[in-house]
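Please read this briefing alongside the sequence and the 3D view shown here.

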Amino acid sequence: MIKKKLYPIKFQPIFKEKIWGGNKLKSVLNKKTDCNSIGESWEISDVDENDVSIVANGELEGDSLKTLLKEYTSDLIGIKNHKTFGNKFPLLIKFIDAKEDLSIQLHPNNEMAAKRHNSFGKTEMWYVLQADVDANLIIGFNQEMTSDKYLNHLNNKTLPKILNFDKVKPGDAFFVDVGRIHAIGAGVMLAEIQQTSDITYRVYDWDRVDSNGNSRDLHNDLAIDAINFSMKDDFRINYSKKENQTNKLVTCPYFTTNYLSLQTTTLQKKNTFDSFIIYLCVEGEATVTTSGFSETIKKGETVLMPAAITSFQIEAERAELLEVYI
């Protein structure tokens, strides 16, 4: 059977209702769903069999990301990525809306996640899309920390006293390495780029309960070995916002993320990375065009450029994009 030619691919969002979720993903990002309290929209996912993205456009519409990985292999994700990850998509792309504070949490590294959960670790980054007045992200500690001091505050339910609260605004970006304690604060909507993993160690959930009076599980026995108490306060990302060019946000072993501010331009792009490229539109709209194919992404939409597409252009009157590859 002749393979269909690859093109800029959109996927159907996978919506996650959360106890802390709100309605901004619908009201601000125009997500179409009848669900309430939507905390997350998984834009590109290969986490498990129940959370695999489905193509939403073009001739491959209705096919799963898993099917594409098996059929197109390195043409979809690149030779080096296919050698490393096989038929597993290595990144999970999300939009998150926190109407209430998320739990205080952290994520294990690759070695710990593999041993305990047969999973990747969960290195991630955040890009703030919208923030209510005085909204915060919680990231790291506000003082030098030891395991004994941490456990004392945890047991006395005074953990928030030793956490670092960072007031945020749209465009703020943060790198959340494994082992760093963190939480998204109430009133913040952001894009999250992370390794393909859904492993989270929840250590404190503000003593809240659901409609049935049940509290969510905590994972403090697992978390204590996963916390890195010696991490530097280097989580806030300082980056350039020069127009009509690539501005580096994050480079780590698991992904590279760039920021693009496009103003009345047609940007010619070459994919020299031997990788797929993902574009998240975080403001305005842009059109991605390659031979015979054109796809427009608006704020809150995401498109995957397969690795086999090595030349394309992005056209926009006004757009802000995040560009992600490995």
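Contact here means heavy atoms within 4.5 Å. This is a predicted model, in which local features need pLDDT of at least 70 and side-chain atom pairs count only at pLDDT 80 or more, while totals for chains, interfaces and linings use all residues. Residues are numbered from 1 along each chain as its sequence is written, and side-chain values use heavy atoms, with hydrogens and water left out.

**Thr257**
- Thr257 lies in strand β13, residues 255-270, where a strand is a DSSP run of E with at least two residues and a helix a run of H or I with at least four, numbered from the N terminus.
- Thr257 has a relative accessible area of 0% and is therefore buried, a term that means under 20% relative accessible area, as against over 50% for exposed and in between for partly exposed (1.4 Å probe, protein chains only).
- Leaving aside residues up to four places away in sequence, Thr257 touches Met125, Ile193, Lys248, Leu249, Val250, Leu322, Glu323 and Val324.

**Nonpolar cores**
- A nonpolar core is a set of buried Ala, Val, Leu, Ile, Met, Phe, Trp, Tyr and Cys residues joined through side-chain atoms within 4.5 Å.
- The largest such core has 43 residues, and those with the most contacts inside it are Ile9, Leu76, Phe89, Tyr127 and Leu249.
- Helix α2 (residues 65-72) gives the most to this core, with four residues.
- A second, separate core of 20 residues includes Ile104, Ala183, Val203 and Tyr204.

**Cysteines**
- With a disulfide taken as a pair of cysteine sulfur atoms within 2.5 Å, the count comes to zero.
- Cys252 is buried because its relative accessible area is 16%, and Cys281 also counts as buried, at 0%.
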